[in-house]
Amino acid sequence: MTTAVDRFRAAVDNRDLGALDDLFTEDIRLYSPVKFTPFEGRPAVLGLFGVLLRTFEDFRYVGEFAGSSQTSADGTEAPSAVLLFRATVAGKEIHGIDLVHLDEDERIKEFTVMVRPASAVQALGEAVLAGLVADGLAP
């Protein structure tokens, strides 16, 4: 059986924003390592993913852990997955995880990205900001 997390991974692998649109709740929140407040709502998160899919070089998921955890927004227990990834941005190798929380309809309601090392976070932040500005999504 294909899960929402499997469909998410396939959409990212195929760089398919349309498939991501179907997987996100309308009020999704994405917590980024380069922004203090979350990206909120499907349009903002889809815009960010459009930039990320162009920015990451050699992006690949290298592991997955499933279970449940509390969401940041309201502290409710939700089915969750931790997806380990590797990528390159501006010549910097990134190690990271995506923490994905699902709602009762198996749609992604919360997404947290953690990245290391600090120099990669800085390179990622600069590249994403430039992409958001180029797409008219940030001043």
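I sorted the lining of the largest cavity by class and got 17 nonpolar, 1 polar and 2 charged residues. For the classes I took Ala, Val, Leu, Ile, Met, Phe, Trp, Tyr, Cys and Pro as nonpolar, Asp, Glu, Lys and Arg as charged, and the others, Gly among them, as polar. This is a predicted model, where local features need pLDDT of at least 70 and side-chain atom pairs pLDDT 80 or more, while totals for chains, interfaces and linings use all residues. Residues are numbered from 1 along each chain as its sequence is written, and side-chain values use heavy atoms, with hydrogens and water left out.

How many cavities of 30 Å³ or more does the structure hold? I found 1, and the largest cavity has a volume of about 190 Å³. Of its 20 lining residues, Phe49, Leu52, Phe56, Asp98 and Val113 are the closest to the centre. A cavity here is a set of points, on a 1 Å grid over the protein atoms alone, where a 1.4 Å probe fits but cannot get out, and lining residues have an atom within 4 Å of a point. Points are joined across faces, edges and corners, and the volume is the space filled by probe spheres set on them.

Helix H1 (4–13), H3, S3, strand S6 (108–116) and helix H4 (118–134) each supply at least two. Helices (H or I, at least four residues) and strands (E, at least two) are DSSP runs, numbered from the N terminus.

**Rings.** I counted 10 aromatic pairs in the structure. Phe56 and Phe59 make a tilted one, 5.2 Å centre to centre with 45° between the planes. Rings of Phe, Tyr and Trp (its six-membered ring) pair if their centres lie within 6.5 Å; planes under 30 degrees apart are stacked, over 60 edge-to-face, and the rest tilted. Phe56 has 10% relative accessibility, so I logged Phe56 as buried; Phe59, at 16%, is buried as well. My cut-offs were buried under 20% relative accessible area, exposed over 50%, and partly exposed in between (1.4 Å probe, protein chains only).

Tyr61 and Phe85 are edge-to-face because their planes stand at 90°, with the centres 6.4 Å apart. That pair links Tyr61 in strand S3 (residues 57–70) to Phe85 in strand S4 (residues 77–89), 24 residues apart. I found both Tyr61 and Phe85 buried. Ring pairs join a cluster of Phe8, Phe24, Phe49, Phe56, Phe59, Tyr61, Phe85 and Phe111.

**Helix H3.** Pro43 is in this helix (residues 42–55), and its 60% relative accessibility makes Pro43 exposed.

Most residues other than glycine have a negative phi, and most peptide bonds are trans. I therefore looked for exceptions to that rule. The bond joining Arg116 and Pro117 is cis, with omega about -5°; Pro117 is in the loop between S6 and H4. Asp58, in strand S3, has a positive phi near 55°. Glu106 has a positive phi of about 60° and lies in the loop between strand S5 (92–102) and S6. I have Glu106 down as partly exposed, at 33% relative accessibility.

Definitions and conventions:
On a 1 Å grid over the protein atoms alone, a cavity is a set of points where a 1.4 Å probe fits but cannot get out, and a pocket is an open set with protein on both sides within 12 Å along at least five of seven lines; lining residues have an atom within 4 Å of a point.
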